[in-house]
Amino acid sequence: MILLSLILSAVGFAHLAMSVKRHYQECFNCPPNSRQRQCFKLLGWLCLTLSLWPCLLVWPFGIGVTAWLGLLTASSLMIMTSLSYGKESFRRCWRLCCAGGWLTPLLVQRH
Amino acid sequence: MKNGFRQSMAWLHTWSGLSMGWILFAVFLTGTLSFFRQEITLWMQPELHGSIASQQAADLAVQHLQRVAPSAESWRIDLPNAREPVINVSWREPGQTQGRRGGPRHILDATTGEQLFARDTRGGDFLYRFHFELYALPRNLARAIVGVATMFMLVGLISGIVTHKKIFTDFFTFRSKKSQRSWLDAHAATAVLALPFHIMITFSGLLLVASTLLFWNYEPRGPRGAPEAGSRIIQQVARETVPVPTLAPLLAQAQASWNQPVGRVVIDKPLTSAMTIQANSLLRQTLTLQSGGGPGGGTDVLRFDANGDMLKMREQRADGASNVQAVSNTFGTLHRGLFAGPLLRWLFFLSGILGCLMIATGLVLWCIKRARNQLGRVGFELVSALNIAAIAGLSCATAIYFWANRLIPAHLSQRADWEINSFFISWGLLALLAIWQRHKTGWIIQLSLAAVLFSTIPLLDLLNSEPGVWNRWVESNGIVPVFNGLCLLTGLAFAAAVQYLLRPQTKSVKARRSHVTPSTNSQPEVSP
C-alpha cells in the first residue's frame, strides 16, 4: 500500500516535471507542445491526489496526511535526482510506466 | 512595486537566515538525530546489545519486581520493542512522589530477565536536550535563544517562499557544475521538496518553546507529578500477597484488539487484591491527544484486574481536549514524531537531513555570493569561519561524541560528563582551527576529519565489542548494524565532499567551498 502511494506520487511528479519545458527539452531534445504540457500537468496532479488514498487506508487521517507529505518529499527527491544524474533511466521509466509516455505519440500527431 | 516587495523579502531572507543560521543548523542536526534518540542510546550502551525481545518479557519483569520491590505502590514495565530490545522497569515506593523519572529504575535482559548494568551515558538524550535547551545555559535563557532562532527560521521560510520566483517551474531543477547556480538550486530544492516538513517542524517547534518566549506569561513549573501523591498519608497495611496473573496472554489480547504491540504495562498496587494492570499501546493512534507529560497520554489503554479479567475502559479518550488544546497537542505530537512507526521515522529523518542541507547550503551561498567583493573584510571572514565551525565542526564533534563513548572506560566515574565534555572540547578546538584556516583548506581539513571519524565508527564498534558480534547482529533486530552502516555512509558522503573540493578546477574560483551533512541521498556536490 505504502509502496503504491510512493509509486503513484513518483509517477505524478514525473508528469509534472515533464510539463516543464526545460526538463522535457533536456530529456527528449524537442520542446513539448502545449497540449502535451496540459495533459501531463493534469495527469500529474491526478496521480498526486490519488497517492493520498493508500495512505489514508493504512493510517488514520492526521497521520496519513503526514505520512503522505513525507512520501511526497521522498518521491520528488527521487525524480529530481534522476533528472539531474540519471536521465537515461528516467527516460526508460517514462516510456514504460507513465501514461504521459504512452500518450506522447498520440498528442504529437494531433498537433 | 512587486519587485520592491520581493527585494525586501530577499533581504529579510538573507539576514534572518544568516544571523541565526549557525544555531539553527545545530538545532536542526541534533533534532534530526533525535528522531532516533532511543536507537542512539542503545548503540551507546553495548552492554545491552545482547538482549533480544521475547514474549515472556512482561512476566520476567514481574518476577524481577516481585524480588526487588514487593511493597511498591506501583510498578511500571516498559516492554522491549523494535527500537529498544531491553525491559525497563521502575517502581514507586509508598509515600514517594511521582517525579519525572519515577523512582528507581532497572534494566533487564528481555530473554533471561537478568538485570543488566549499562555504562553511564546520556546517549541520544544529550542530543535531544541540546536540540532545545542547548547546554550549560539557564534553561529559560537557552529555550528563549532557541525560540528566537525558530522564529527567525519561520521568517526565513516565509520570506524564502516569496523570494523564490518560480517555485513550480524550478521544482525539479538542479543544475550541477555551475558554481553559484548549483548552490542556489541545491538550497531551493532541499527547501521546497521538504517544505511541508520544514513548516510543520518550525511552527510546532515554535509552539513548544512559546511558553518560554512569552515570559510575562510564564508560570514557573513546580515539581511534576500527581499533586495528591506527596501529601497522601501512607498506610502500611499488612498486605496479603496475591500473585500477579500471567501477563503474556493478557498482552496478546490487548495487542490483538489494537493491532499494534503493547509498549508499557503499569501495575497499580501490585501483589494485592486491589491490583489493576494497565496496558498501553506502543504508538499513538491519533494526533490530537496530549503529547508528552503523563504516562501513556494519547495511547490506547486496556485495564485488567487481579484475576486477569478485562475492566471496563474509561471513555474519556475523545473528549477532554478543547479545540485549542487539540491543535496544540497535534503539533506537539507531530514535532516529536510520537506516533511514527519505522517508515514515518525514516521519512522524518530524511526531511530533517534535507533541512540541515538547506541551512548549510544557504550559509555557504551567502559566502559564495560575496566572495569576489568582500574577501578580507571582517564580516565576511567571520561568517566563513563560523560556517566551517558550525557545519563541519559540529559534524566532527558528533562523531567524536560517539568515539568518546567507546574509548572512555566503561566504569570511569562521571564518564557521561566526559563524553559530553569531549563533544564540546573538540567542537571548541575545531572552531579555533576554523578561525585560523577559514577558507577552502579549512573545509578540506575538517571535512576529511569528519569523513575519517565517521567511516571508522563501524570498525571501532567491531573492535570494541565482544567476539561473536556477527551472530548477535543476525539475531538482534538490526539497530546496531544499521547505525554502523549509516555512520559509514555519512563518512563516505563527507569523503565525496572532500573529493569535490580537491578536484582540479577549470577556472581559479577563489573561495569556492563545499560542505555536506550526513546524508547520501541528496548530494548536490557529487558529480557522477
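Select B:K269 to start: with 16 C-beta neighbours inside 10 Å, this residue counts as partly exposed. The scale runs as follows: buried means 20 or more other C-beta atoms within 10 Å of a residue's own, exposed means 12 or fewer, and partly exposed lies in between, with C-beta atoms placed from the backbone. B:K269 sits in the loop between β5 (262-268) and β6 (276-284) of chain B. Its phi is near 45°, a positive value in a residue other than glycine.

**Before going on**

This is a predicted model: local features need pLDDT of at least 70, side-chain atom pairs count only at pLDDT 80 or more, and totals for chains, interfaces and linings use all residues. Residues are numbered from 1 along each chain as its sequence is written, while chains are lettered from A and ligands numbered from 1 in the order in which they are written.

Helices (H or I, at least four residues) and strands (E, at least two) are DSSP runs, numbered from the N terminus. The predictor gives the complex an ipTM of 0.88 and a pTM of 0.83.

**Stop 1: the sheet of chain B**

Stay in chain B and show its strands. Seven strands form an open sheet in the order β4-β3-β2-β1-β5-β6-β7, and the pairing is antiparallel. Two strands pair if DSSP finds at least two bridges between them. Which strands are at the edges? They are β4 (115-116) and β7 (299-305) of chain B, and each pairs on one side only.

Now select residues 105-108 of chain B, which form strand β3. Two bridges join β3 to β4(B), and the two run antiparallel. Look at B:I107: opposite it stands B:L116 in β4(B).

**Stop 2: the two domains of chain B**

Colour chain B by domain; the bounds come from an automatic or database domain assignment. Domain 1 is 2-45 + 125-213 + 340-502, and domain 2 is 54-115 + 240-336. Their centres, taken over C-alpha atoms, are separated by 35 Å.

Next, find where the domains meet. In contact are 14 residues of domain 1 of chain B and 10 residues of domain 2 of chain B. Two residues are in contact if their C-beta atoms, placed from the backbone, lie within 7 Å. On the domain 1 side, α2 (37-43) and α7 (195-213) of chain B each supply at least two residues. Select α7(B): this helix gives the most to that side, with seven residues. By class, the domain 1 side has seven nonpolar, six polar and one charged residues. Here Ala, Val, Leu, Ile, Met, Phe, Trp, Tyr, Cys and Pro count as nonpolar, Asp, Glu, Lys and Arg as charged, and the others, Gly among them, as polar.

**Stop 3: chain B as a whole**

Zoom out to chain B. There are 17 helices and seven strands in it. Buried residues make up 41% of its 528 residues. Among its contacts between residues at least 6 apart in sequence, 72% join residues at least 24 apart.

Colour by pLDDT, the predictor's confidence in each residue, from 0 to 100. The mean for chain B is 80, and 82% of its residues reach 70 or more. Select residues 218-235 of chain B: pLDDT stays under 50 there, and the model has 15 contacts beyond four places in sequence for this stretch. Then select residues 315-319 of chain B, where pLDDT also stays under 50. For that stretch the model has zero contacts beyond four places in sequence. Where pLDDT is low, the predicted coordinates should not be read in detail.

**Stop 4: where the chains meet**

Show both chains. How many residues does each chain bring to the contact? Chain A brings 22 and chain B brings 25. On the chain A side, the elements that give two or more residues are α1 (2-18) and α5 (61-85). Select α5(A): this helix gives the most, with 16 residues. That side of chain A has 15 nonpolar, seven polar and no charged residues.

**Stop 5: chain A**

Chain A comes to seven helices and zero strands. Of its 111 residues, 44% count as buried. Its C-alpha atoms fill a box of roughly 45 × 30 × 20 Å, taken along the principal axes. Among its contacts between residues at least 6 apart in sequence, 74% join residues at least 24 apart.

Finish at A:N29, in the loop between α2 (21-28) and α3 (34-50) of chain A. Is A:N29 buried or exposed? A:N29 is exposed, with 7 other C-beta atoms within 10 Å. A:N29 has a positive phi of about 60° although it is not a glycine.
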